[in-house]
Amino acid sequence: MLMQTSWTGLGTSIASLMFLWTMIRKYLPRQFDLYISTYTHKIFSYFYPYIEITFQEYSGNRFSHSKAYTTIKSYLSAATSERARKLKADVGKDSSNLVVTMDDHEQVTEEFKGVKLWWSSNKKTPRTQTISFYPAQDEHRYFTLTFHHRDRRLVMDCYLAHVMEEGKAIAVRNRQRKLYTNNRSKNWSGYKKNEWSYVVFEHPATFERLAMDPEKKEEIIDDLEAFKNGKDYYEKIGKAWKRGYLLYGPPGTGKSTMISAMANFLDYDVYDLELTAVKDNTELKKLFIETSNKSIIVVEDIDCSLDLSGKREKEEKPKEEEEEEKKKHPPGAKKEEHDSKVTLSGLLNFIDGLWSACGGERLIIFTTNHVEKLDPALIRRGRMDKHIELSYCTFEGFKVFAKNYLDLESHPLFERIRLMMEITKILPADVAEKLMPKSFKGKRNAESCLEDLIQFLQEAKAKEEEAIQLELKSKEEIKSKENGSVEITPIENGCANREVK
Ligand SMILES: Nc1ncnc2c1ncn2[C@@H]1O[C@H](COP(=O)(O)OP(=O)(O)OP(=O)(O)O)[C@@H](O)[C@H]1O
């Protein structure tokens, strides 16, 4: 009984004290309140001198991931993978491509400028049952960073910035790049929409493996490097952060390969724009707006994509062509659905109109096999800032192929190939095809590849000479027809002589 009275008394006195404490804090001036809370905190931190910061998976609503969480996740995955790599290396297994993520409730200990910090990955499952229109969110993940109270300045001023910077760089490195293409698809109401769809982009092309003049290659690499790091510069000069490239040359000279090498070099996504599938300029604009930053937008074979000759040339169209066009599309007839109405001016707007300035860091690349067919307005400098000609293979280019395909830096047959390449045109695609080993069994095979190439060069030379002879002959024929003289065969010659007699 006595015991019960004393417990009740103790409870009442604690409750009264707490009430009094709350009242005092409520009516105390602000500075005293702050003073008290600082001291309370100091007393608590004496018993638990660690600070914990949490980073939640979702920011605000459940559908948008918090950027900080995602960045920290990349950072910690790299740290965990590194640890796992070291462990594996100790055991002696190959571990170069290992990527490991942190397990729930796993801890990672880090050292930064001599200070120890602890990261842990946690998960919370909500206990309350809520009725919601959206699917239930089962788990709520977060990272907790724990550090000693005395290190809070270093953590706040340096460490967190370091984590964010590293995390972002790691995320960019680990990002799977995408190759997009546009296609028309019907939605549930039957309305045809033009949308981007993608596959993972995994082309192994690099500038190192690209066969072309080394100086030209260096120049392109420098240009891309300057573009990639040019954010401030573009801002300073008041220009949208984008650049146009025109790649031209015969088929099989490496235009597509160069685009892949550029994408790999810059770490950009690729948007392969199929212009013939775009209905009109509005659709083109919409597609453009949907492209992301850090991307290359490619229009391959631009001369074949659409009639982009513009108004000026349309007026000059020969009559026969117009007739043919009319036959294809008689005035009353319904045009085929895929017929595109994208115009030259629409395309120019796409390249450098007002809309092209939304977002940034975009390369626009056109490729063509017939540069002479393009409207000068489309490719003038400022729109297509850099014109790159890809042409027949040079000896320097061949050496890149030999190193790449056959692992050869020199060979007695090289000199013969060099001399032949000086007088014979050969496409890089043909060199690539000839040097592709027929089986993967050493040097002997490499030599037979070189011999194959020599034979191909000899045949190409013979064909070239034959073509020149034919051309000369036809030119002579035309000339003689123009002069009104008939070609005289020996017998005719004889007859003619007789007639004269
Ligand atoms: N300069 C080059 N460097 C390395 N490989 C090349 C080069 N040119 C061509 N190739 C090889 O030839 C093949 C065809 O090249 P690619 O498709 O890039 O040529 P292209 O100029 O885009 O042709 P097209 O105009 O017909 O599209 C590629 O798979 C590549 O292996």
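Trainee: Which residues are the closest to the ligand, and what makes a residue near a molecule?

Mentor: The ligand is surrounded by 14 residues, the closest being Pro251, Gly254, Ser256, Pro428 and Ala429. A residue is near a molecule or strand if its C-beta atom, placed from the backbone, lies within 6 Å of it. This is a predicted model, in which local features need pLDDT of at least 70 and side-chain atom pairs count only at pLDDT 80 or more, while totals for chains, interfaces and linings use all residues. Residues are numbered from 1 along each chain as its sequence is written.

Trainee: Which elements give two or more residues to the shell around the ligand?

Mentor: They are α7 (255-266) and α16 (428-435). Helices (H or I, at least four residues) and strands (E, at least two) are DSSP runs, numbered from the N terminus.

Trainee: Why is α14 called roughly parallel to α16?

Mentor: The axes of α14 (residues 395-406) and α16, lines fitted to C-alpha atoms over the stretch in contact, come within 10 Å and cross at roughly 30°. Angles run from 0 to 180 degrees between N-to-C directions. Those under 35 degrees count as roughly parallel, over 145 as roughly antiparallel, 65 to 115 as roughly perpendicular and the rest as oblique. The crossing angle therefore makes α14 roughly parallel to α16.

Trainee: Which residues of α14 and α16 meet?

Mentor: Gly397, Phe398, Phe401, Ala402, Tyr405 and Leu406 of α14 meet Pro428, Val431, Ala432 and Leu435 of α16. Two residues are in contact if their C-beta atoms, placed from the backbone, lie within 7 Å. The residues of this contact comprise nine nonpolar, one polar and no charged.

Trainee: What makes the phi of lysine 294 worth a remark?

Mentor: Most residues other than glycine have a negative phi. Lysine 294, in the loop between α8 (281-289) and β9 (295-299), has a positive phi near 50°.

Notes:
Nonpolar A, V, L, I, M, F, W, Y, C, P; charged D, E, K, R; others polar.
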